[in-house]
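Visitor: I am new to this structure. Could you show me how to read it, one feature at a time?

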Amino acid sequence: MTNSASIRSALVFATVMAASVAADAGDIPAASLKISGDWRLSVAVMPNSGRQQAAAVGNHQALTATLDVAPPAILSVQAERYTRVPVYNAADPCWRRGVTLRGVRANECPSPGLLDPSSLQVRAGPEADAARFELGKDYAADPEWGTFGRLPNGRIRKDQTVYLDYRHGMLRIDTVVLTPDGQIVLRRGVPHVAAPLPPELRRGERRLVNVWLPAWTKRLTAENLFPILETAYPEPPKQSPSPAERLLPKTMAKLRHGQRLRVLAWGDSVTDGSYLPDPERWQSQFAARLRARFPQAKIEMRTEAWGGRNTGSYLAEPAGSSHNYREKVLAARPDLIISEFVNDAGLNPHQVEQVYGKLLADFTGIGAEWVILTPHDVRPDWMGLSSQRNIDHDPRPYVAGLREFGAKHRVALAEASLRYGRLWRQGIPYVTLMLNTINHPDARGMKIFADSLMALFP
């Protein structure tokens, strides 16, 4: 082991005890982790777990293992064919500037940070010795997002076919597992360009640590290690009366008396959810679960959503537009409005009070009740985060503003933000729930919204 590795080993040492708030904390073994090399992890586990651990310490020898972690996969692409390459437009959003390289394309857009920019070559033919085009003269590329396009005065013609060579990384989650026979093993996950899943456990196994491996990881650090501290979100004790009974009395009356309840899901691209099958969207999951809890109710769920926009966009739309606020939201005359606007996250508490105060007055005017979904976590640098660990408390002023607004005006909040903030305790880097590695949750992420909504109801 090198000197630098020894220093890192001394600095990056964690003893992980089961959290008492976990749903089944008695089944989480206590593990000690030590990074003992660039790609080596030393693990020690007491043979007893959970509530028995304290008595077991000192009476039983720990189970130990030294595990070698494989670096993230790097793939080489050769002679990838593109026809009729569009002009690169630097004024477009960074993920839409030209064509997305197929190797880095996620659900709807490129997965950022996967491309090795130095490897990109654009040629006139598939042969290795075909004429090469020049970056900055013939074409432009976005190194972070993996898009490229021809330049108007370059040599690539509008109708020309070009061939690209490049390298790109992949994302992966490995898992350190304790087997029923007392072995500590490393199970490797399947690489993906976005939303990689942890390996599945076999019967009787326990997950100790998830190892998060973003593309181009140079060596293991503490940021790669996600020990299992909880196996589920620690649901608070049920309140009586419940938040819905206190803050949504008309909604509750309709649910209990089998009356028609018109619900409007209003939001941005996350609420639009067109990148997912309908049953996986948060409002569909919520409606199905609410019907199961109140089988006599007649619940009608409608959606009004506009990708890439926020509440201000709706309020600014003129009459007759496809997303005019008065025509599409207020005129729908819903009984209950559930709003989700992660795109409002730029608002500070004062702006929340101003904008949401107007919305509340409008909703009250049409007799509608309101639930505000606090937002999910998005790409870390967009939130001012440097880590996906130790992030229980959302740092965005918008979230603080929503909580102040809800408390002041007695508006129900469904706290998706709190649930996202604890995913790291379950061994899950939250960005791995994003199908575009940025801000579009998969079905698991959508379930978190539905969970937060259902927690309001008795």
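Predicted model: local features only at pLDDT ≥ 70, side-chain atom pairs only at ≥ 80, totals over all residues.

Visitor: Over how many bridges do β5 and β10 pair?

Guide: Follow β5 alongside β10, residues 161-169. The two pair in the antiparallel sense over 8 bridges. For one spot to look at, find S76, which stands opposite R167 in β10.

Visitor: What is the strand order in the sheet of 5 strands?

Guide: That open sheet runs β16-β15-β17-β18-β19, and its pairing is parallel. β16 and β19 are the edge strands; each has a single partner, so one side of each lacks a neighbour in the sheet. The twist here averages 25 degrees from one strand to the next.

Visitor: Which helix packs on this sheet, touching β15, β16, β17 and β18?

Guide: α6 does; its direction makes about 170 degrees with that of β16. Another helix to find is α13. It lies across β17, β18 and β19, at about 135 degrees to β18.

Visitor: How do β18 and β19 pair, parallel or antiparallel?

Guide: Parallel, over 3 bridges. V371 stands opposite A412 in β19.

Visitor: Now a helix. Which residues of α4 are buried?

Guide: To read burial, ask how much of a residue's area is accessible. Buried means under 20% relative accessible area. In α4, residues 249-256, T251, M252 and L255 are buried. Seen down the helix axis, they fall within an arc of 95 degrees, so the buried residues line one face of α4.

Visitor: What covers the buried residues of α4?

Guide: The cover includes two helices, α3 (243-247) and α6 (282-293). Strands β15 (260-267), β16 (298-305), β17 (336-340) and β18 (369-373) are also among the covering elements. After α4 comes G258, with a positive phi near 70 degrees.

Visitor: Is D181 buried or exposed?

Guide: Exposed means over 50%. D181 has 59% relative accessibility, so it counts as exposed. Find D181 in the loop between β11 (172-178) and β12 (184-187). Its C-alpha atom is 38 Å from that of A416, a residue 235 positions away along the chain.

Visitor: How is empty space found?

Guide: A probe the size of a water molecule is rolled over the atoms, and this shows where space is left empty. In this model, the largest pocket has a volume of about 600 Å³. It is lined by 28 residues; P236, Q239, P243, A455 and L456 are the closest to its centre.

Visitor: Which elements give two or more residues to the lining of the largest pocket?

Guide: There are helices α3, α6, α11 (397-409), α12 (416-421) and α13 (443-454), and strand β19 (412-414).

Visitor: Let us step back to the whole chain. How many helices and strands are there in the protein chain?

Guide: There are 13 helices and 19 strands. The chain has 458 residues, and 54% of them are buried. Along the principal axes, its C-alpha atoms fill a box of roughly 75 × 70 × 40 Å.

Visitor: What share of contacts joins residues 24 or more positions apart?

Guide: Count the contacts with a separation of 6 or more. Residues 24 or more positions apart account for 70% of them.

Definitions and conventions. Residues numbered from 1 in each chain as written. Heavy atoms only, no water. Buried < 20%, exposed > 50% of the residue type's maximum accessible area, 1.4 Å probe, protein only. Helix = DSSP H or I, 4+ residues; strand = E, 2+ residues; numbered from the N terminus. Arc of directions from axis to C-beta. Contact = heavy atoms within 4.5 Å. Pairing = 2+ DSSP bridges. 1 Å grid on protein atoms, 1.4 Å probe; cavity = no way out; pocket = protein on both sides within 12 Å on 5 of 7 lines; lining within 4 Å. Points joined across faces, edges and corners; volume = space filled by probe spheres on them. Axes fitted to C-alpha atoms, helices over the stretch in contact; angles between N-to-C directions.
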